[in-house]
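Okay, thanks for coming, everyone. Let me put the model up and walk you through a couple of spots.

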Amino acid sequence: MTGILSSYSYLTNRSQRVKVGSKNSTAQRVSIGVPQGSVLGPLLFNIFINDIFLMDLESEICNFTDDTTLYSYSTSLDDATIRLENDLQKLLTWFTENGMRANPSKFQMMFLGHKRANKLCLNVNGQFILQNEEVKLLGVKIDRKLTFETHVKEICTKVNQKVSAFRRVRPYLGIQKSQVLFNSVVISNFTYCPLIWVFCSKAANNKINKTHKRALRVLYDEYESTFGQLLEKSGTKTIHQRNLQFLMTEIYKTLKNLNPAYMAEFFIRRIYRTIYVKKICVSSQPQSL
């Protein structure tokens with residue numbers, strides 16, 4: 001009972017106002033929602049939205065706080081389109097019935113693995129959601145061909161800007177503080193969701209290596225050394241090698257049941273499928289006499 005009363009007290013009698021310059025608006029009562037940035041807010045929001053995952057949908061649904069993604073796969077393009085349109089309509093109805101409002105004009109949609117994808121769209125209540133060549137999902141830029149070249153380019157651009165700032169302060173820092181800053185402004189950007197884009201193109205990996213090399217040169221103030229020499233001095237590996245190690249670690253943890261169940265669905269099915277395909281290839285070879 002105490003917990004219920006404290007939550008009730010936490011959500012009632014709240015007000016908010018807008019400040020522009022030195023002027024404040026009149027305070028208005030807040031009757032819905034939870035305070036942003038609070039500790040209890042995410043828990044209450046999860047409780048509120050939890051039953052959305054119990055809906056009878058033909059498509060799959062992924063959710064991260066208020067970012068909801070609906071996806072479907074099929075051998076028939078028309079079948080996948082119908083599923084998405086029907087399930088999206090169900091979700092919009094759920095939002096309306098639960099006091100939430102969706103904005104279809106901000107929806108993003110992308111078809112993967114189809115040559116006619118640029119001509120496809122979804123019809124939701126007479127409003128057409130057009131195909132995007134790229135979408136940004138939780139900080140990762142996903143393109144229709146899954147090359148992740150745009151995503152890597154954006155990372156490298158952001159890191160290069162930070163390396164330029166790093167170069168200006170490097171003469172005033174010792175090596176230990178510089179290494180901490182190096183890990184914060186360079187390595188951290190390449191270790192966000194690496195399982196998604198680890199197998200990007202060779203050209204994208206070359207761009208990453210070039211950025212990594214530039215950052216190492218600033219770190220050690222050595223502009224004549226090769227990339228390999230700089231890596232050896234730092235005792236580290238390339239970003240691609242680090243990401244492969246991370247991938248192998250996740251596979252090992254999954255096989256040992258140390259990861260969440262959905263990781264097993266992601267990895268083990270593909271491992272067994274690869275083995276099965278190899279067995280078919282071997283058995284289909286003609287027998288020697």
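Predicted model: local features only at pLDDT ≥ 70, side-chain atom pairs only at ≥ 80, totals over all residues.

Residues are numbered from 1 along each chain as its sequence is written, and side-chain values use heavy atoms, with hydrogens and water left out.

The protein chain has ten helices and ten strands; those are DSSP runs, H or I of at least four residues for helices, E of at least two for strands, numbered from the N terminus. Of its 289 residues, 27% are buried, meaning under 20% relative accessible area with a 1.4 Å probe, protein chains only.

Now, D87, in helix α3 (residues 77–97). What is the nearest side chain of opposite charge? That's K90, 4.0 Å away, and D87 is buried yet has no salt bridge (Lys or Arg side-chain nitrogen within 4 Å of an Asp or Glu carboxyl oxygen; Lys and Arg count as positive, Asp and Glu as negative, His and chain ends not counted). A polar atom of the D87 side chain does lie 3.0 Å from the backbone nitrogen of E58. Beyond neighbours within four places in sequence, D87 contacts L57, E58, S59 and L70, with contact being heavy atoms within 4.5 Å.

Last one: L137, in strand β9 (residues 134–137). L137 counts as partly exposed because its relative accessibility is 31%, between the 20% and 50% cut-offs.

Methods. Polar contact = N/O pair within 3.5 Å; in protein donor to acceptor, adjacent residues only side chain to side chain.
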